[in-house]
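Here is a short briefing on one protein chain. Look over the sequence and the structure, then read the points below.

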Amino acid sequence: MRNNRIQSEITMMSIKDWVLSQLVSNSLASARPLSGSDSFFEGEQFSIHGSTQTTTTSPPPEAAAADVSQPLIPAQETPHPSPLRQATFESSNQPRVHQNKLNPLENIEKLQIKFLRVLHRLSHSTNDLMVAKVLYRIHLATLIRTQEPDLKKVNLSSDKAKSIALQQETSGQPELDFSFSILVLGKTGVGKSSTINSILNEAKAQTNAFRPSTDRVHDISGVVNGIKISFIDTPGLLPPSPNTIGRNRKILQKIKKRCRKYPPDMVLYFERLDVINTGYSDFPLLKLVTEVFGSGIWFNTMLVMTHSSSPLPEGSSGYPVTYESYLTQCTNLLQHYIHQAVSDSKLDTPVLFVENHPNCKDKILPNGQNWKSQFLLSCLCTKILSDVNKILDFHDRMELGIPGTPRIPSLPHLLSSFLKHHISTPNGDEIKNLNLSLSDLEEDEQEYDSLPPIRILTKTQFKKLTNSQKNDYLDELDYRETLYLKKQLKEELQKEKKDEGDPPEPVVLPDMAVPPSFDPSNPLHRYRCLVNSDRWLTRPVLDPHGWDHDVGFDGINLEGQTQVNENLHTSVTGQFSKDKREFNVQSACCAAYVDPCGPTYGGEVDVQSSGNEMVYTVHGNMKGNLGRNLAECGVSVMSFAGNYYAGVKVEDGFWVGKRVKFVVNGGRMGGGGRVVNGGSLEAVVRGRDYPVRNDKVSLMVTVLSMGKDVVVGGNLEAEFRVGRGTNLSLNGSLNNRNMGQLCVKASSSERLEIGLIAVVSIFRVVLRRMGFNGSDKDMSQSSDIR
Ligand SMILES: Nc1nc2c(ncn2[C@@H]2O[C@H](COP(=O)(O)OP(=O)(O)OP(=O)(O)O)[C@@H](O)[C@H]2O)c(=O)[nH]1
Ligand SMILES: [Mg+2]
């Protein structure tokens, strides 16, 4: 499907967010809509915003962990596989961030300082990958919510926070006020209570090697490195069987009741690493937990594997397996069953490995990892991220998948994609776009034909040449290559003209990806797809992450086109996919009528699914030549969730000479009581040898205004050959909010120096990232060495 189409994730953003999202693709707020959208505790109907929060009576002292009944919306899966979950509970003995009237930036700065102080206490460096991710997300989240004048402050705040945290830790003032609460869940005897004792460094919870020991849901808290940790210890679930299901459900209902009153910050689901691999039979338990709490629980859960330094079992081949591969194997197995329980294969549950045996010295696992330190770090990061979300009031975004939340499309997005959207017309368009005519290429062809023959040197002959001779020789080859490519292009264009109307030759499509279940012993047995003169092309679509692997393919792709008559051309493209939960469709039907002595008219109907809603869009375009100008105008009407959004645009493109092209356009889009206006001016200068050599410089200025917000942005793109075999491409953008991006790409098959420059600049960027002083003016830098 075309890029410029409004994809199903119709972004629900304001103009400021839209501007940011142009720069930051991996944002906290861009988490995917939740598929496990059931509420953790169904039936809870509280407002999620601080202003309307309900405070319950003070908790009993032992339940200091939580005091606010908070709706438990499922947190998002983070874009990275890491334990950086956005927990959805609110802890009581934390200062209530919503009620704090401080500006969100000050709040976030305080939280960042707290985070850095706790890290310091746990002796974790800020260079740790998980920590860096949390800091990065704090930074991104802050940028997204920052008011313009505060932007500079945000960039400075990271270093400032580090020095304040260090100073506070040295002086011990003010006292650190940080705590979190954890719910433990799992079968009896897996080591829930033992883990609580290990973390709190004290035998506070009862354990038993022979009988179920915890018989009620109760709170156990303690202080570790000045952090108050409250656990909700729970009776273990019994091995699943028809006889135990009732009792297990009762235990879970009790836990649910307790959590309703005092919601924990995160959940830990326990398993034993030493027995998990011997045929996993606890899937019914995972299903039951999901049934009682809703699938949302898994978005807040970390898996804990106890007995992590027990002797490893033999691998299936009879040979011992390595520790790391055993961990991976068990993690994957459990993750697989959780996916099945939630019916979402994208969920990535973080895993913690634990060893509670008293002989486990210094809490070190066989792989050298200090499990307790890792455990505390993961909980810390989870808690901090959830607090950041609360301060920045991101709940509305996190709730996208929850039915009932009204979704409003982003008008700036709609307008900018509408301005870029063109209805394609058959034949000739490409040549017109290139502004090339066969006669232009004629000259070059003659020049090529009149060249004297050249003798191609062997490697040894070439080595014997002097440096300047070598250069001359390579320059000559390069010159001839360019002329040859132009000649080829001309031949292709001529062929295209001649073949117009002839049926296309059959082509074999590249091999398709096949489902993992399709594993023929004979490699010659493959799915093949042949395109012949048929007008319709249908191909199955494989979703490698799809969970329905017994079928494998869960979608179908359809393309078709018809030349109704000389002037009328229609085409249909679409992709449909379906699994047990959802049906997705993205399709476009286009028709273009070329009036032989006038303009070209185009119409398009797009149908797309977006979550449970459908998006219908109708486009109408008209374009025609006015002298040297190619003018176009268009209208668009979109219907989404009962609202209509309509837009109009005009565009004009014209050439100055053969190499300079200007395109100017403007449009307006309105709907849902909002209106956005925008336009752009683009100038493109092409190199002499375009398109066989890709040299070009383009400069574009865009303006978008919605209400009082006006964003003016500039974008410069340049691509040119610096010499033989060396290409440089520059891409920079900057807007009136002082946000921008610079991307430099150099590719060379010859020059080692360029490789060195790239290595040095990558090294500098890495160093700077490690120090975490990312500047929004230089958010990406890349180099590509061939
Ligand atoms: N070797 C080893 N033994 C462990 C580990 N974790 C727990 N145990 C032992 O396993 C037994 C059961 O542990 P508990 O902590 O009582 O298990 P539980 O999950 O709380 O059990 P219930 O309270 O019945 O739900 C105890 O004898 C622990 O010493 C571990 O990581 N390694
Ligand atoms: Mg116990």
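**Overall picture**

The chain has 16 helices and 22 strands. This is a predicted model. Of its 786 residues, 45% count as buried. Take the contacts between residues at least 6 apart in sequence: 63% of them join residues at least 24 apart.

- S193 belongs to helix 5 (residues 192-200).
- T214 sits in the loop between helix 5 and strand 2 (218-224).
- The pair therefore ties together parts that are 21 residues apart in sequence.
- Are S193 and T214 buried or exposed? Both are buried.

**Helix 7 against helix 8**

- Two packed helices are described by the angle between their axes and the distance between the axes.
- Helix 7 covers residues 283-293, and helix 8 covers residues 323-342.
- Their axes come within 9 Å and cross at roughly 45°.
- That angle is why helix 7 is oblique to helix 8.
- The crossing of helix 7 past helix 8 is right-handed.
- On the helix 7 side, F283, L286, K287 and T290 make the contact.
- On the helix 8 side, the contact residues are Y337, I338, Q340 and A341.
- Sorted by class, this contact of helix 7 with helix 8 has 5 nonpolar, 2 polar and 1 charged residues.

Technical notes. Residues numbered from 1 in each chain as written. Chains lettered and ligands numbered in written order. Predicted model: local features only at pLDDT ≥ 70, side-chain atom pairs only at ≥ 80, totals over all residues. Heavy atoms only, no water. Axes fitted to C-alpha atoms, helices over the stretch in contact; angles between N-to-C directions. Helix = DSSP H or I, 4+ residues; strand = E, 2+ residues; numbered from the N terminus. Parallel < 35°, antiparallel > 145°, perpendicular 65-115°, else oblique. Left-handed = near helix turned anticlockwise from the far one by under 90°. Contact = heavy atoms within 4.5 Å. Nonpolar A, V, L, I, M, F, W, Y, C, P; charged D, E, K, R; others polar. Buried < 20%, exposed > 50% of the residue type's maximum accessible area, 1.4 Å probe, protein only.
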